[in-house]
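Please examine the sequence and the structure shown below. The paragraphs that follow lead the reader through selected parts of the fold.

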Amino acid sequence: MSRSDLETAQALLRKRQFGRVIEILEPAGEKYHDVFEYYFVLGTACLYVGDAGNAREYYERARRIKMTDSSLMLGQAALFLRRGDTDRAVSYYIEILDKDPLNKIARDALEFIRTQGTFETICKWADSGKLEAFYPPLGFNPARIAKLIFSAAAGVLIALFVLKFAGRVMDAPDVVEGPRADLSSIVLADSDSKISEGDAEDAFERAVKYFQDYRDNACQVEINRILASSADEKIKNKAIRLSELLDDANISFTNLPDNYDFATVAASPEMYKGCYVSWSGRYLNPAYDQEKNFLCDFLAGYEDTEHFDGVIPLKFKGSPELDIDRPLVVLGKLDFSGSKMFMNVKSYHQPLRNQQKK
């Protein structure tokens, strides 16, 4: 029996694939218009990706259906805490403890507010992702458990292989089957390594290693290096096939290996197409395109209003809830429109900082 969209989304939420949850549930609103779990799951996914505006809207709809759900109230309290509205957050946490006196998250959140809940500390915790400790719990991640089991089993198999074939190890080709995927079908053959310029073969080997290590940004850079070279078309085609295996579902502010700063990207933009970066700054020139996506110019590094690293256009899906007077932190994918680089924003938040003194 096939799963419903909601059941699939609930499973993906446990796997921390928040973007996929949103993609599946947002178009299904009419089917689930009076289902509490629909609004709660969708609101929680939005909360974890930093979309506070939509998270609040979905949580409010869920609250109209079920007033006293502790997990929902944790999510709503977290939204107030992110904004620095500790009075409202405390009232929610107390209400949770009235109904669920042993709720550890509510107790920990109240203790945090009591002992560390200053404006600056909340800002730092929001920036670092540590406030997620007070979000609605997601439970064990089955994908992570499966990965641990697989890694343990793979270790046993590798040990057996070494014992059996130790005499032939030095003659074996480079292994491309790792914990993430078997890349045997796109490994370079000797005939593929004839390049007229550059070092595409080494770049491909690095890309494979980065892929198996879940360093997708570093893998993408090596792929871009190959595609920009005069390497043989066979190598380029295999690099393209490798790029199609990259998965951005779990990329977040707290899970972004190989984040590149603005100066690094600006020095060689074509090398970073398709990479995800997280930058802080401020925005200006808000507008909407024909698909009603929010557009603006982003002044990277300008959060202190004293200097900036450069300007890059941003594109948000839908209408983000932004305050133009506050700094903005964005996480997004770099792409090109013609010859001009821009960022497709995946997540964002605005640090809770006072405006600069005048």
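This is a predicted model: local features need pLDDT of at least 70, side-chain atom pairs count only at pLDDT 80 or more; totals for chains, interfaces and linings use all residues.

**A guided reading of the model**

Tyr-32 and Tyr-38 are both buried. A pair of aromatic rings is described by the distance of the centres and the angle of the planes. The ring centres of Tyr-32 and Tyr-38 lie 5.4 Å apart, with the planes at 15°. Planes under 30 degrees apart count as stacked, so the pair of Tyr-32 and Tyr-38 is a stacked one. Tyr-38 also forms an aromatic pair with Tyr-39, and here the arrangement is edge-to-face, at 5.0 Å centre to centre and 75° between the planes. Buried residues have a relative accessible area under 20%. With a value of 2%, Tyr-38 is therefore buried, and Tyr-39, with a value of 6%, is buried as well. In total, the count comes to 16 aromatic pairs.

The wider setting may now be considered. The protein has 358 residues, of which 43% count as buried. Its secondary structure consists of 13 helices and five strands. Among contacts between residues at least 6 apart in sequence, 57% join residues at least 24 apart.

Helix α3 (36–49) has 14 residues, and 13 of them are buried. From its first C-alpha to its last, α3 reaches 20 Å, close to the 20 Å expected at 1.5 Å a residue. Just after α3, Gly-50 takes a positive phi of about 95°. Helix α2, which covers residues 18–25, is mostly covered too, with six of its eight residues buried. The buried residues of α2 are Phe-18, Gly-19, Val-21, Ile-22, Ile-24 and Leu-25. They pack against α1 (5–14) and α3.

Leaving aside residues up to four places away in sequence, Leu-25 touches Asp-5, Leu-6, Ala-9, Tyr-38, Val-41 and Leu-42. Which residues have the most contacts inside the largest nonpolar core? They are Leu-25, Leu-81, Tyr-93, Leu-131 and Phe-134, in a core of 53 residues. The elements that give two or more residues to this core are α1, α2, α3, α4 (52–65), α5 (70–82), α6 (86–99), α7 (104–116) and α8 (119–128). The greatest contribution to this core comes from α3, with eleven residues. Apart from this core lies another, of 39 residues, which includes Ala-218, Ala-231, Leu-242 and Phe-298.

Ala-218 is one of the buried residues of helix α11. This helix covers residues 216–227, and its end C-alpha atoms are 16 Å apart, which agrees with the 16 Å that twelve residues should span at 1.5 Å a residue. Is α11 largely enclosed or largely open? Ten of its twelve residues are buried, so α11 is largely enclosed by the rest of the structure. Its buried residues also include Asp-216, Asn-217, Gln-220 and Glu-222. Among the elements that cover the buried residues of α11 are α10 (200–212), α12 (233–243) and β1.

Residues 276–288 form β1, which pairs with β4 (residues 328–337) in the antiparallel sense over six bridges. Gly-281 stands opposite Leu-328 in β4. On to β5 (residues 340–349), β4 pairs in the antiparallel sense over nine bridges. Lys-333 stands opposite Asn-344 in β5. The hairpin of β4 and β5 has two residues between the strands, and Gly-338 takes a positive phi near 70° there. In a regular strand the side chains alternate between the two faces of the sheet.

Tyr-283, Tyr-288, Phe-294, Phe-316 and Tyr-348 form one aromatic cluster. Phe-316 is 24 residues from Lys-292 in sequence, and the two C-alpha atoms are 9.4 Å apart in space. Lys-292 is placed in the loop between β1 and β2 (294–300). Residues count as exposed when the relative accessible area is over 50%. Lys-292, with a relative accessible area of 64%, is therefore exposed, whereas Tyr-38, at 2%, is buried.

Key:
Residues are numbered from 1 along each chain as its sequence is written. Side-chain values use heavy atoms; hydrogens and water are left out. Buried means under 20% relative accessible area, exposed over 50%, partly exposed in between (1.4 Å probe, protein chains only). Helices (H or I, at least four residues) and strands (E, at least two) are DSSP runs, numbered from the N terminus. Contact means heavy atoms within 4.5 Å. A nonpolar core is a set of buried Ala, Val, Leu, Ile, Met, Phe, Trp, Tyr and Cys residues joined through side-chain atoms within 4.5 Å. Two strands pair if DSSP finds at least two bridges between them. The expected span of a helix is 1.5 Å times one less than its number of residues. Rings of Phe, Tyr and Trp (its six-membered ring) pair if their centres lie within 6.5 Å; planes under 30 degrees apart count as stacked, over 60 as edge-to-face and the rest as tilted.
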